[in-house]
Amino acid sequence: MASSSLQKNLVNYLMFGLTGLCTLMTAGILFFILGYLVYHGGRSLSWAFFTQLPAPVGETGGGMANAIIGSGKVLLLATAIGIPIGFLGGVYLSEYSGRTLSFVVRYTTDLLNGVPSIVIGIVVYALVVHPMGHFSALTGGVALGIMMIPISVRSTEEYLHAVPVSLREGALALGAAKWKAIVTVVIPAAVRGIVSGTMLDLARVAGETAPLLFTALSNQFWSPGWNKPTATLPVMIFTYAIAPYEDWHRQAWAAGFVLLTLVLLLNIIARLALARGTYVSKA
Amino acid sequence: MGTSAIVHQRAVPPGKVRSFARRLRAGDELAYLITLIAAGAIFIITALVFYELYSESSLARHKFGWGFLFSSTWDPVAGNFGALPFIYGTVVTSVLALLIAVPQGIGSAIFLAEMAPPRLSNISTFLIELLAAVPSVIYGLLGIFILVPILEHDVVPPLKSVFGSLPLFQGAFYGVSLFSAGIVLSVMIIPFIVSVSREVLLSVPRDQREASLALGASQWQTTWRVVVPNASTGITGSVFLALARALGETMAVTMVIGNTPQIKASLLAPGYSIAAVIANEFTEATGDLYLSALIELGLVLFGLTFVLNGLARILIITTSRSGGH
């Protein structure tokens, strides 16, 4: 009896250690990634990186100012396209939906979420780039915008659902129309969750590379307006990393460092905002 | 046109028209319509994705038929296209990734959901969620410059000295290979397995655990004999979800797989994946047939992820329904 109890405890500690080791190895990867990027990227980062155009092949120095602006433009456009559709779709699912139709919408949202990003790139190429006849920031924004929709729908629906029914009933009892109750009571109660969800969504597409290869393409120069091929940080990292020039590799590390910092900061801010107390006041 | 509208208006009882107008003025119909249009747009976009892939690949589908999936020649110059080397590379790298990621991911999920003290669990979960947010191209960057040299100098030589006689580890190793791609992929999918499996484990009802603990079982015995069997369907779902991600993963794989359309038994040989060939050749494809063949590869990828995601969804829903009351 005593020996079996000893064995039981031993196995328990052993498995605690083993599964703990798995967790340590998994979480440890993040520190490896951060460490390498800070080490290589931090060394390669200079003021010129943020202010200058890429140097021509063979010259050293230069920066990626055009790619930073380009990424900003494409992401802005993606947000302008993806978030309204996603947000309103989420409101529909949470507040207005009937049974069958909401099942269809939920299912297609999940499906769209699972479509590999490269496939979205192909579709936007066939649908928008090909008829327009050229690559552009605009089409890059469309591709990333489509990718933003599913997460936006999901998070909007989730946080609206979490708003207590009593709040809605209170507004309706005061004589407000349903839409007025939603706009003035329900959405404001969930706004923290929805904004955080949007930030996570933006962080996810900020690092997307594959769909931009066939839509925004890239550019070694400034690309004013929305109708020219546009450099973006992720695509620059890709092209610079696989190029055979030592100096380009340094630039790729610097760009990787900047991109990762941006993505992780968005994530940390959004997650802390969600974790701080509740996103809606649960009565 | 005008007369028919009048006829239509007359056909509706006057009371109903007034109440519709009133509701429109009150804003509810309008708000409903706006959100309905957005929801409909999501449906239309998803349908368009499938339709575009299907119609734009018609040239290649008609020319090669089902043989496209089983032919191993990829010769853009001669206009001969077969998907087999890419399907092979995609499947081999994904399976390798699962072999590494599934034990480690499920082990971590069990630790986070069942074994760890709450504080430690919360911090680790936060870190692993951040890991899931690292962009694919960053994994590729680390793959090329950090992982490949490590494999080349420290991992593959001892591996070859032990398993060198197996066909899996024969031939020269140049760094970029199916092996490297599989390892990078495994790191990328672990966070998904962890976060979904953890939630599935947490949805197992508390009283099941308490009953087992009250009978004198240790924490591990409770976890392994009571909680995990209850959650196994959902955990399988998380693995399918991770597999779907691995199949469609593009940038990191493109950067380390070697981009050579060949079928070799050795994991150390360079290969090619579906997503990687699309990324590399799409903008350079000359001729409609070439482009159409690449789009058909996209259709194959879409089909695979569609089926896997569907299965995963069913499995995960079944578990959380049966478990979460």
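So, the buried residues of helix 9 in chain A: we've got Gly193(A), Ile194(A), Ser196(A), Gly197(A), Thr198(A) and Met199(A), and then Asp201(A), Leu202(A), Ala203(A), Arg204(A), Val205(A) and Ala206(A). Keep in mind that this is a predicted model.

That makes 12 buried out of 16, so helix 9 of chain A is largely enclosed by the rest of the structure. The helix runs over residues 191–206 and spans 22 Å from first C-alpha to last, close to the 22 Å you'd expect at 1.5 Å a residue.

Okay, what do the buried residues of helix 9 of chain A pack against? Within chain A, it's helix 3, helix 6 and helix 12, that last one being 246–275. And then chain B comes in too, with its own helix 6, residues 118–133.

Let's stay with two of those neighbours. Helix 3 of chain A, residues 65–96, packs on helix 6 of chain A, residues 137–161, at an angle of about 35°, and their axes are 5 Å apart. The crossing of these two chain A helices is right-handed. If you sort the residues in that contact by class, you get 19 nonpolar, 13 polar and 3 charged.

Now, over to the two chains. On the chain A side, 70 residues are in contact with 71 of chain B. Which helix gives the largest share of chain A's side? That's helix 1 of chain A, residues 2–44, with 18 residues. By class, the side of chain A touching chain B has 48 nonpolar residues, 16 polar ones and 6 charged ones.

Conventions: Residues numbered from 1 in each chain as written. Chains lettered and ligands numbered in written order. Predicted model: local features only at pLDDT ≥ 70, side-chain atom pairs only at ≥ 80, totals over all residues. Axes fitted to C-alpha atoms, helices over the stretch in contact; angles between N-to-C directions. Helix = DSSP H or I, 4+ residues; strand = E, 2+ residues; numbered from the N terminus. Left-handed = near helix turned anticlockwise from the far one by under 90°. Nonpolar A, V, L, I, M, F, W, Y, C, P; charged D, E, K, R; others polar. Contact = placed C-beta atoms within 7 Å. Expected span 1.5 Å × (residues − 1). Buried ≥ 20, exposed ≤ 12 C-beta atoms within 10 Å, placed from the backbone.
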